[in-house]
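Have the viewer open while you read.

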Amino acid sequence: WARTEGYDIEAVANQQMAASRCKQAVQGLFLDRFKMQSHWKKITNSPGYELRVASKGHKLKPVSPTDTGCGVHISWEGQERPCDRYQMPFAPKRGMSMTELARLLSRYTSQYPVRDLTGLSGEYKIDLSFTTRSDNLEYPLLEKALQEQLGLVMRSSKGDIDVLIVDSIDRPTAN
């Protein structure tokens, strides 16, 4: 059931926290709601991708403090994800960090992780339209779209990743 049923979980941290602390908080949430027992495992030399700035430089526009509205437009084969899918509490996503973009791109790379090695900090406006199917000639393949539209490159690589291993899980109780 855990692979076929979907659940929406909304959680907001009351303060900034390090990634290691965030992992612990997420584990605690799943322990409380799903009685989930899990642990993290480091996988070495795992296949994945690196996201880097192209040799001619990036084409990204940084988000400015005066920007309002949605600055993130990502379309897979003409199906744009609504801006509220990237929503922060009660405000559209004005931009995206390269770490967030790399994490999102992992959804389109056969679940292989994409690591941000761009060296870029801050948030940028993202306008990206692509396909992952070589038989779809209407849209550029992801790798080509990244380079042409954003000035980024994504290349195969191997590296260390942390994976959450689920040992046991129960159906959640009602709120």
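**Core and ring pairs**

1. In the largest nonpolar core, which has 23 residues, the members that touch the most others are Leu51, Leu101, Leu105, Ile126 and Leu128. Two or more residues each come from strand 1, strand 3, helix 2, strand 6, helix 3 and strand 7, and helix 2 gives the largest share, five residues. Keep in mind that this is a predicted model.

2. Helix 2 covers residues 98–105, and its buried residues are Met98, Leu101, Ala102, Leu104 and Leu105. Looking down the helix axis, these fall within an arc of 165°, so they line one face of helix 2. Their packing partners are strand 1 (37–53), strand 3 (72–76), strand 5 (114–116), strand 6 (124–130), helix 3 (142–150) and strand 7 (152–168).

3. Leaving out residues up to four places away in sequence, Leu105 touches Leu51, Val114, Leu128, Leu142, Leu146 and Met154.

4. On to the rings: there are two aromatic pairs in the structure. Phe30 and Phe34 have ring centres 5.5 Å apart and planes at 35°, so this pair counts as tilted. Both sit in helix 1 (residues 19–34), four residues apart, or about one turn of the helix. Phe30 is partly exposed at 22% relative accessible area, while Phe34 is buried at 6%.

5. The rings of Tyr108 and Phe130 have centres 5.0 Å apart and planes at 85°, so that pair is edge-to-face. Tyr108 is in the loop between helix 2 and strand 5 and Phe130 is in strand 6, so the pair ties together parts 22 residues apart in sequence. Phe130 is buried, with a relative accessible area of 0%.

Terms used:
Residues are numbered from 1 along each chain as its sequence is written. This is a predicted model: local features need pLDDT of at least 70, side-chain atom pairs count only at pLDDT 80 or more; totals for chains, interfaces and linings use all residues. Side-chain values use heavy atoms; hydrogens and water are left out. Buried means under 20% relative accessible area, exposed over 50%, partly exposed in between (1.4 Å probe, protein chains only). The arc is that of the directions from the helix axis to the C-beta atoms. Contact means heavy atoms within 4.5 Å. A nonpolar core is a set of buried Ala, Val, Leu, Ile, Met, Phe, Trp, Tyr and Cys residues joined through side-chain atoms within 4.5 Å. Rings of Phe, Tyr and Trp (its six-membered ring) pair if their centres lie within 6.5 Å; planes under 30 degrees apart count as stacked, over 60 as edge-to-face and the rest as tilted.
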